[in-house]
Every structure is written in structure tokens, then in C-alpha cells.
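Reader: I would like to learn how to read a sheet and a metal site in a model. Please take them one at a time.

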Amino acid sequence: MSATPDVVTNTHQQPFLSGQMTPVSDELDVPSCKVTGEIPASLRGKFVQNGPNPRFEPQGRYHMFDGDGMLHAVDFKDGSVSYKNRWIRTPMLEAEIRAGRALYPGLADLMNFPDPALVGDAGPIKNPANTHIVKHAGKFLALYETGLPVEVTADLETLGVRDFDGKLPSGITAHPRIDPVTQEMFFFAYSPFPPYLRYFVADAQGRLVHSVDLATPAPTMIHDFLITDEHAVFLDSPLVLNMNAINEGGPMVSFKPENGTRLGVMPRFGQADDIIWHDIENGHVQHFWNGWHENGIVEVSGTFNSNPQFGMDTDGDMDDSSASAQAGVATRFKIDLAKGKATVEKFDDMEGDFCRFNDEMNGVRTRHHYMGGFQDERGIIGQFDTLVKYDDQTNGRETWYSGKNHHLGEAVFAPNPGGAAEDDGWLVFTDHDHVENTTDVCVVDAQNLEAGPIARVHMPRKVPFGFHVNWFKAEA
Ligand SMILES: [Fe+2]
């Protein structure tokens, strides 16, 4: 265990450094956590959350996207549960640790570059690697919206930045898709400068084997995409990037309905000319569930927001209005490849996000889809009050409400290793109590969601707000 003397004090009273977002200043190793309820014997593996946790007092205005990535791992093993957390030691954070203070500005002051003499090879812009963690080709990769992957070990020690042997020209999405059968990883990168969108495939061994520049009319923010067993599917929405805002003020991401909204479908290994775009009504999807292809129809689903405001205002207050993408409502999209037409069907009115499903079925039809929802007042995505399960076959919805003063993080589906049914497994997620300032990691039987947690792992101290979580099953 190591405590750091430089606790972030939030002397400027910034909203993204208060409440559950107040960073923790320690790195703990707790071999046995207190558990209420019963952990299923076959739930063996690691739940890992990635999220922002600034190591040093920010120099200026702080946005939740700026914080240094910190991983929190809860390991379910042979009847006991351990906890560990570590910062991701990016080259930028290492430079700040050497200096003993923050060197990099936040997104709101991006062009206020740090002194090259202090940051050295780490470069002028921080990649905090704070958004997601995936495992591909045996490697754990911490990901950011626009950063190169940072490899960490199963024990959360940082190994270094990975650029696919120099083949990646830029940072990539935090939402790659991994085919559970071929073990290929599909991903993309967007940019405010041409080419606005790039698409990549890495093979099962982690080698970059396909790279295509795709043409979109404007630079747009693309947070997530999908695969089917044959296709890559992109959403080009009217969330248009404006880098001039850094110098001229105003939002860096604006909803511009005149840009239109379209779904693009291309073969997994297609070239730039192979993508076919299909216009749909205006809106944005921050996170998708699954996609599949049957009888000439590509079907995908996600949480659709018809009037998204992303904020990222460079000269506005850092209040909740600049927080993040807003939640959407559960929506399915069907693209008729022969007719070249796409339809949009909203199938619920509860707002939510952080769409998850059984990842072992990525690219083929799934019946059960999970998300975090809001029954009380809508908040920041990642601070939900309700766990939601949709049944595509019955059009039914099941929910579990956490209670007032609780915030639920993303719920990941952990499959039962011996199970046959798609929803045979558990949902694992954080439940933060704002009054007590404590966090539990909860386990819910995915086939009996409305019963609520069958087990709660009590964290040794609160786990701060996180973005995405993942489940890594124990090696046999
Ligand atoms: Fe995300």
C-alpha cells in the first residue's frame, strides 16, 4: 500500500472533482474484502473499472475526461474477493510524477502546451488512458477516446504504450469490437482533421492487418461502432467537431442537424469505396448494443438521443451542462441492404446508456440487452439509479432500482462458464452510496434481475466515478 502526499484538494471548487468524482490518493492491495450475501462458486474472474482520477491538483479548469486513468480490480477467486487499484502510468503521468505536479492542461485549455523540457518524449498532449479496458491477443489494453492503447498486466502494472509496431498513425477509440470466434479486433479512429475517420482490423495475434481511411462530410464525434459476422457498421451523427473553439471559444462539439445522420455498412475487410451510407432521422448514439446480419437485413441497437448536447465548451463554466453525452432511449435500427433503406424504432422511453450484452455473442443475434437507466432525475451517464434488462423476444423490460442517493456504474455481463442460455450469468457493477460515501461491487443474477444483488462486495473505501468496466474470466 502506498499513500501519496499530493492529495487533490479541489481548491477551485470544480464540479468534476467533487462528490463521487473526488479522486482517491492511494493505491491499495486488499487481499480479502467483506462480502454480504453469497458469491456464486462459478463466478471466477476479474471485474475491472477504468476511470478518471487526477494524480495532481489540476492547473486550471478540469473536465472529467482529463483525469489520469485509474484501474480498480475486484478479483473473484475460490470463494474470496480481493481488491486492488493502480494508476495507469502513462508517459505523461510519469513526467508529472518526476516534476511532482501537474504539467498538462485539461481539454478546455488544450493548446496551453506543457514545457517540452519537462515532459520530454511524452509529448504535448496527455493521453490519460482513462476510459475502458479490453483484453485482446492476451494483452490488457487501457483505452482513451483518442489515445494509443496502454498495455497493463493482469495485476494492473503498466507495461507501456502500444502502437501496433508503428502502424497506428493516431490514437484510437475506447470501443473496439472483438469477434468471439475469430478473435479479431475491429476498431477506428476519428479526427478533427482529414482523414476524419479511419478503420482498422487487428488479427487474433494482435497484428494490424487492415487499415482504411473512410470519407465523411464533416469531422464528427464517433464514440462507438458495431460489427456483424460480416460487416462493420458506423454511425455518422451531427455531433460536429470544431477545433477552432480552442482559440475562438465556444463548444468543441456541436449538434448541427444540417449535417444529417447516417448509418454506414461495409464488409469487415472492405475498402473505402465499399461503405454504403443510409440516411436516418437526426440523432446520436453514444453506445451501441449488438449488431447482426440476417436475410439481407443488418440490425443494430443502442441508446438514441434525438437532440444531443455534448458541451465541451472551452469558455463556459465547467458545470454539469458540459459534462458528457446525455442518455438516450433504447432504439433498434434496421438496414435493408438490397433496398438501401434504414429504419429507426425506439422501443422504450426510459433514458439510459452504457449498453452491454453477452460479449461472447458479439456480431450475432442476441435476445438480452442491459443498460444503466434513470428513473429519478436524469444525471451524468455512469451515475445511473436503475439496472435495466431488455428482452428482444418478448419486448419486455425488467428493472432493479438502487434506491435514493445511490449511483450505479456500468454493469458488465459475466457469463456462467457452464451455462448454455444467453443470459446465464451475472451482472457486475458498482453501487455508490452518496450519503455514506461508500461503494459496493454488486453481483446480480441476470436471469433474476428484479431480485437485486445476490452479493455485495464492500470496498475498503469509496471507488470514485468510473467510465467503463469489463469482466475478465479466470484462466482455467
Ligand atoms: Fe464509452
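**Sheet and iron site**

Author: Seven strands form an open sheet in the order S22-S23-S24-S25-S26-S27-S28, with antiparallel pairing. Strands are DSSP runs of E, at least two residues long, numbered from the N terminus, and two strands pair if DSSP finds at least two bridges between them. The edge strands, S22 (284-294) and S28 (396-401), each pair on one side only. This is a predicted model, in which local features need pLDDT of at least 70 and side-chain atom pairs count only at pLDDT 80 or more, while totals for chains, interfaces and linings use all residues. Residues are numbered from 1 along each chain as its sequence is written, and side-chain values use heavy atoms, with hydrogens and water left out.

Reader: How many bridges join S22 to strand S23?

Author: Seven, and the two strands run antiparallel. Phenylalanine 304 in S23 is the bridge partner of valine 285.

Reader: Which residues are the protein donors of the iron ion?

Author: Donors are N, O and S atoms within 2.8 Å of the metal (3.2 Å for Na, K and Ca); water is not among the atoms, so sites may look incomplete. Here they are His175, His223, His287 and His468, each through NE2, at 2.0 to 2.1 Å from the iron ion. Along the chain their spacing is H-x47-H-x63-H-x180-H.

Reader: Are histidine 175 and histidine 468 buried or exposed?

Author: Buried means under 20% relative accessible area, exposed over 50%, partly exposed in between (1.4 Å probe, protein chains only). Histidine 175 is buried at 8%, and histidine 468 is buried at 2%.

Notes
Helices (H or I, at least four residues) and strands (E, at least two) are DSSP runs, numbered from the N terminus.
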